[in-house]
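I opened my notebook beside the model today. Here is what I looked up, entry by entry.

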Amino acid sequence: MLGLTLLFVGAVLFVNGIWLLGKIEDKEVSVINLLVGSLSFLTACYLVFNPSEDKNLISAGAFTFLFAFTYLWVGANRFLKADSRGLGWFCLFVSITALTIAINATLKISLDFSAWSIFNWYAWSLLWFCYFILLSLAKNIQKQVAWYTLFCAVTTGWVPGLLILQNLYLIY
């Protein structure tokens, strides 16, 4: 399931990066955000409400909801033509949460957290913090955030997702 989710996270981040560069319109970017947000939401529900009650699955689901809600919110904001300041504050919450996961993973390097996973959590923490600065603080960093979004799309989503789906790379 991780490969599937990462592949589409790569897709949504890629399209969002292109959108931040001004290459596509608001209405168009909402589609991928709503689709990937829905896929991530369903994945998170499966993980959290899995009958096994495995605590690791519940954690994975809880953290997946953070990103699912972000993508759904972006999609909704484009339709509603909202200013996204509220989304920016949510991105700060996601950023801080992701940072605590990254720090915990760094301090407890084990089979549960590979170096790839640690890199991802730091990369996502920084990316969502950039979204907070861009959206809530209204700083003029859109182009830089766009390029960093594209970098994260490829390195934390698209390529790892493809490798996992083709059994060429084992995360854990």
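**Entry: Arg-85 and its partner**

I looked up Arg-85 and found it partly exposed, with a relative accessible area of 49%. The terms need their cut-offs: buried is under 20% relative accessible area, exposed is over 50%, and partly exposed is in between, with a 1.4 Å probe and protein chains only. I then checked which residue pairs with Arg-85. Asp-83 forms a salt bridge with Arg-85, and the closest N and O atoms are 2.7 Å apart. A salt bridge here is a side-chain nitrogen of Lys or Arg within 4 Å of a carboxyl oxygen of Asp or Glu. Asp-83 has 47% relative accessibility, so I marked it as partly exposed.

**Entry: ground rules**

I am working with a predicted model, where local features need pLDDT of at least 70 and side-chain atom pairs count only at pLDDT 80 or more, while totals for chains, interfaces and linings use all residues. Residues are numbered from 1 along each chain as its sequence is written, and side-chain values use heavy atoms, with hydrogens and water left out.

**Entry: the other salt bridge**

How many salt bridges does the rule give? I noted a count of 2. Side chains of opposite charge can pair when their charged atoms come close. I looked at Arg-78 next, which forms a salt bridge with Asp-26. Their closest N and O atoms are 3.2 Å apart. Arg-78 lies in helix H3 (residues 55-80) and Asp-26 in helix H2 (residues 26-48), so this pair ties together parts that are 52 residues apart in sequence. Is Arg-78 buried or exposed? Arg-78 counts as buried, at 10% relative accessibility. Asp-26 counts as partly exposed, at 35%.

**Entry: the whole chain**

I stepped back to the secondary structure and wrote down 6 helices and 0 strands. Helices (H or I, at least four residues) and strands (E, at least two) are DSSP runs, numbered from the N terminus. From the N terminus on, the order reads α-α-α-α-α-α.

For 172 residues, a compact globule would have a radius of gyration near 16 Å, and the protein's 15 Å agrees with that. This radius is taken over C-alpha atoms, and the globule rule is 2.2 Å times the number of residues to the power 0.38. The C-alpha atoms fill a box of roughly 40 × 30 × 30 Å along the principal axes.

Of the 172 residues, 45% are buried. I also looked at contacts, meaning heavy atoms within 4.5 Å. Among contacts with a separation of 6 or more, 68% come from residues 24 or more positions apart.

**Entry: Thr-5**

I found Thr-5 in helix H1 (residues 2-20). Thr-5 is buried, at 13% relative accessibility. What does Thr-5 contact, leaving aside its neighbours within four places in sequence? I listed Ser-40 and Thr-43.

**Entry: two residues in helix H5**

I looked up Ile-118 in helix H5 (residues 115-135). Ile-118 is buried, with a relative accessible area of 10%. Ile-118 and Gly-37 are 81 residues apart in sequence, and their C-alpha atoms are 23 Å apart in space.

Leu-134 is in helix H5 too. Leu-134 is buried, with a relative accessible area of 12%. I compared its place with that of Ser-117: 17 residues apart in sequence, and 25 Å from C-alpha to C-alpha. Leaving aside neighbours within four places in sequence, Leu-134 is in contact with Leu-20, Lys-139, Ile-141, Gln-142 and Val-145.

**Entry: positive phi**

Most residues other than glycine have a negative phi. I looked up two residues with positive values. Lys-81 has a phi near 60 degrees and is not a glycine. I placed Lys-81 in the loop between H3 and helix H4 (85-107). At 63% relative accessibility, Lys-81 counts as exposed.

Asn-167 has a positive phi of about 55 degrees, and is not a glycine either. Where does Asn-167 lie? I found Asn-167 in the segment after helix H6 (142-165). Asn-167 is exposed, with a relative accessible area of 70%.
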